[in-house]
Amino acid sequence: MVRRITVIQGHPDSKSHHFCHALADSYINGARNSAFEVRLIDVASLDFPLLRSKDDFEHDTSVESIRLAQEAIRWADHLVIIYPLWLGTMPALLKAFFEQALRPSFAFDYTQSAGLPKKHLAGKSARIVVTMGMPAYIYRWFFFAHGVKTLERNILAFCSIKPIRTSLIGSIENRSEAQRKKWLSTMQQFGETGR
């Protein structure tokens, strides 16, 4: 059973309180109501460089903020990743964070046999929560939720994180106060159940 949860707040703007922040707060409150232990990684508040080469990805030493984030990811049974959809996928800062945090020797190791990596994050589950301007059904059915699928398959599942559940919150700018409160309540319920 999930007991330790790390919430990754992926909104790149730390200066304003966005709906992504309210969603994370509701999830965290729910999890704490159920006596789960919770850690928060606020990506916008981290200071780290962009990786610019394969050599940097494979051999560069992570900065302290990334090492602390890796510790929070390693510690967790369950990850909750919250971000706004920008140009069909996650914001660049969140992608840069994953490139830094989920590197060889932490999330996986290359092996000599058959070229398949040894995965180090097995036993963890995840929930991805994405807000967007377009209706969620259009993103899911017309665009095939391609950005979320990339995060699911190419990043999380690659490191052996499963199951992965998704919540897509569409037409965010046009949501009424009642609809927003309903989503906040849903997130609190997810937190209470560790899902």
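Visitor: Where does serine 171 lie?

Guide: Helices and strands are DSSP runs numbered from the N terminus, a helix having at least four residues (H or I) and a strand at least two (E). In this predicted model, serine 171 lies in the loop between S7 and helix H7 (177–193). Its phi is positive, about 50 degrees, although serine 171 is not a glycine.

Visitor: Which residue in the loop between H1 and S2 may be compared with it?

Guide: Alanine 35 lies in that loop. Alanine 35 also has a positive phi, about 65 degrees, although it is not a glycine. With a relative accessibility of 62%, alanine 35 counts as exposed.

Visitor: What is the peptide bond from lysine 162 to proline 163?

Guide: That bond is cis, with omega near -5 degrees. Proline 163 is found in the loop between H6 and S7.

Visitor: Let us turn to strands. How do S1 and S2 pair?

Guide: Two strands pair if DSSP finds at least two bridges between them. Here S1 and S2 run in the parallel sense over 6 bridges. The chain passes from S1 through helix H1 (residues 19–33) to S2 in a right-handed β-α-β crossover. Right-handed means that, with the strands pointing away from the viewer, the path from the first strand over the helix to the second runs clockwise.

Visitor: What is the bridge partner of threonine 6 in S2?

Guide: The partner is arginine 39. Threonine 6 itself belongs to strand S1 (residues 4–9), and its relative accessible area of 0% makes it buried. Contact means heavy atoms within 4.5 Å. Leaving aside neighbours within four places in sequence, the contacts of threonine 6 include Arg39, Ile41, Ala72 and Trp75.

Visitor: How many salt bridges does a search of the whole structure find?

Guide: A salt bridge is a side-chain nitrogen of Lys or Arg within 4 Å of a carboxyl oxygen of Asp or Glu. The search finds 4. One of them joins glutamate 71 and arginine 39, at 3.8 Å from N to O. This pair links distant parts of the chain, with glutamate 71 in helix H3 (residues 64–75) and arginine 39 in strand S2 (residues 37–42), 32 residues apart. Glutamate 71 is partly exposed at 43%, and arginine 39 is likewise partly exposed at 30%.

Visitor: By how much of a helical turn are arginine 67 and glutamate 64 separated?

Guide: They are 3 residues apart in helix H3, so about one helical turn separates them.

Visitor: How is a pair of aromatic rings described?

Guide: One gives the distance of the centres and the angle of the planes. Rings of Phe, Tyr and Trp (its six-membered ring) pair if their centres lie within 6.5 Å; planes under 30 degrees apart count as stacked, over 60 as edge-to-face and the rest as tilted. By this rule there are 5 aromatic pairs. The rings of phenylalanine 57 and phenylalanine 108 have centres 6.4 Å apart and planes at 35 degrees, so this pair is tilted. Phenylalanine 57 lies in helix H2 (residues 54–59) and phenylalanine 108 in strand S4 (residues 108–109). At 3% relative accessibility, phenylalanine 108 is buried. Phenylalanine 108 also forms an edge-to-face pair with phenylalanine 158, at 5.1 Å centre to centre and 75 degrees between the planes.

Visitor: Which ring does the charged end of arginine 127 sit over?

Guide: A charge sits over a ring if NZ of Lys or CZ of Arg is within 6 Å of the ring centre and within 35 degrees of the ring normal. The charged end of arginine 127 sits over phenylalanine 190, 3.7 Å from the ring centre. Arginine 180 lies over the face of phenylalanine 19, at 4.9 Å from the ring centre.

Notes. Residues numbered from 1 in each chain as written. Predicted model: local features only at pLDDT ≥ 70, side-chain atom pairs only at ≥ 80, totals over all residues. Heavy atoms only, no water. Buried < 20%, exposed > 50% of the residue type's maximum accessible area, 1.4 Å probe, protein only.
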